[in-house]
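Please read them alongside the structure.

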Amino acid sequence: MDKDEYKKLVKQLTPKENKGKNAIIAFLVGGAIGVIAEGIANLLVHCFAIAKTESYLWTCLIVIFVASLFTALGFFDNWVSKTKAGLILPTTGFAHSVTSAGLDYKRDGLITGIGANLFKLAGSVILYGIIGAFFFSILGVIIYG
Amino acid sequence: MASLKFDNVYIKDSFSIAGPLESEGKIRKYDLTMDDYYYQEKTFLDAEIRMQKVVIDNLLYKNKMAKKIDVLIGGDLSNQMTITSFSAKNFEIPLLGVYSACATFAESLLLAATMIDGGKMKNAITMTSSHNLNAERQFRFPIEYGAPKNGTTTFTATGAVGAIITNEESKIKIEAATIGNVVDFDQKDASHMGAVMTPAAIEVFIKHLNDLKRNAEYYDVILTGDLGAIGSTILKECLKTNYGINLKNHMDAGCEIFLESQEVYSGSSGPVTLPLVLFNKILKNPKYKRILLIATGSLHSKDTTNQKKSIPSIAHAISLEVKA
């Protein structure tokens, strides 16, 4: 059996992922999270007399809290895996990755378990987020002065 | 020669525990089923250790063989095979821990058969287990993390299986075995195990047929474990185009545990898959007299996958004969 021929055969017999469908699901779910968050922000402004700029901060906290709570209650992983990138890209994904790692490693101790593994998945988001922010802010200064 | 023939090795008894999802799948009848993944323990690791312990305890008790077992051969998927060692410390039985991923049970059968046929030992227990959530943590993501999976992924089965291998005659004879080489066909996708392990299955299968001068029709059933649905298609296509073998009597253990409605993508995987199907489906059906097991294992770790190395695989073949 030839390796290259085998590779071709595997490619031919492996069903293709429907990327279009995945993208549409992710777009609709991610968009829905945005709409819900906007609703929460408006609610905060109108019912609790919180300033508009501050309301977004509170909304973000609420979304993170809810995603973490749902993860801890044990059903959020099914939602995340079925909605493709829909729940991963918003803050819900970040919260989910941190909480799930925390839950998983709590038995390995506070330092060697939770401490060392909490940002196992989210670590790269933080690192490249900070590096990205650094370069974009330099770019911002150059362009806008 | 990598193929061995045995004259005097038999399977006396077996005991299986299946997880909560598995017991609602295609095979409804196992010796024991678990209601939840914790199995009355605090961690999943402890649950799997307990599963193995219950299997050995039951085998010893049912057959009244507490002091008669010469060796325990088995393994699991955890780092440093801790689960097997931690369960074996509860018994005064010498242990040989073995690892060849999902081919672990076949490897232990093969070793036990060789020792017993050589006359060095009389009775052995072979055993393996896997736990979906321990495997997820070992090979994939934290347990509660819901990563989107593609259709080629397999779902690690939860369960533990043990068998007593002996030189006393019984209905099931271990007749021959072929030890496989490690092969690497440059497959790098750890979520497509079927494609990784198929070349190993083909290699050992052809070697087995050539060594023993048999053809594929000699066997009533050829049970591979666990290539999954997509892997099975690749296996059949490869055998047809490269060796002109039209495999009709094939069954894959990965496709026999879960129902399609249970959403397990390409099927079941894990070292326990093959023995669960063998002891609870194949050997319960009197129509299968000559059985060929081809157990396949993918020999990667998280590190080798992260470093983008291609995944080697192994397969061992074991021929069983069932007397009426």
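**Notes on helix packing and the chain interface**

1. In this predicted model, α3(A) and α5(A) are oblique to each other, a class that holds the angles left over once those under 35 degrees (roughly parallel), over 145 (roughly antiparallel) and 65 to 115 (roughly perpendicular) are set aside. Helix α3 (residues 52–73) of chain A packs on helix α5 (residues 91–105) of chain A at an angle of about 40 degrees, with the axes 8 Å apart; the axes are lines fitted to C-alpha atoms, for helices over the stretch in contact, and the angles run from 0 to 180 degrees between N-to-C directions. Helices (H or I, at least four residues) and strands (E, at least two) are DSSP runs, numbered from the N terminus.

2. On conventions, residues are numbered from 1 along each chain as its sequence is written, and chains are lettered from A and ligands numbered from 1 in the order in which they are written. Because the model is predicted, local features need pLDDT of at least 70 and side-chain atom pairs count only at pLDDT 80 or more, while totals for chains, interfaces and linings use all residues; side-chain values use heavy atoms, with hydrogens and water left out.

3. Confidence is given as pLDDT, the predictor's confidence in each residue, from 0 to 100. Chain A has a mean of 91, with 100% of its residues at 70 or more; within chain A the lowest mean, 86, belongs to helix α4 (residues 76–82), and the highest, 95, to helix α7 (residues 123–144).

4. The crossing of α3(A) and α5(A) is right-handed, meaning that the near helix is turned clockwise from the far one by less than a right angle, anticlockwise being left-handed.

5. A:Ala101, A:Gly102 and A:Tyr105 of α5(A) meet A:Gly113, A:Ile114 and A:Asn117 of α6(A).

6. Between the chains, 31 residues of chain A contact 35 residues of chain B. The buried area is about 2,700 Å², 63% of it from carbon and sulfur atoms, taken as the accessible area (1.4 Å probe) that two parts lose on being put together, summed over both. A:Met1, A:Tyr6 and A:Asp104 supply 25% of the area that chain A buries against chain B, more than any other three residues.

7. Helix α1 (residues 3–13) of chain A and helix α6 (residues 228–243) of chain B have axes that come within 10 Å and cross at roughly 135 degrees, and are therefore oblique to each other. The residues in this contact include A:Tyr6 and A:Leu9 of α1(A), and B:Ile234 and B:Cys238 of α6(B).

8. Two backbone features in chain B deserve a look. A cis peptide bond, with omega about 0 degrees, joins B:Gly225 and B:Asp226, and B:Asp226 lies in the loop between β10 (221–225) and α6 of chain B. B:Gln80, in the loop between β4 (71–75) and α2 (82–88) of chain B, has a positive phi, near 55 degrees.

Notes: Contact means heavy atoms within 4.5 Å.
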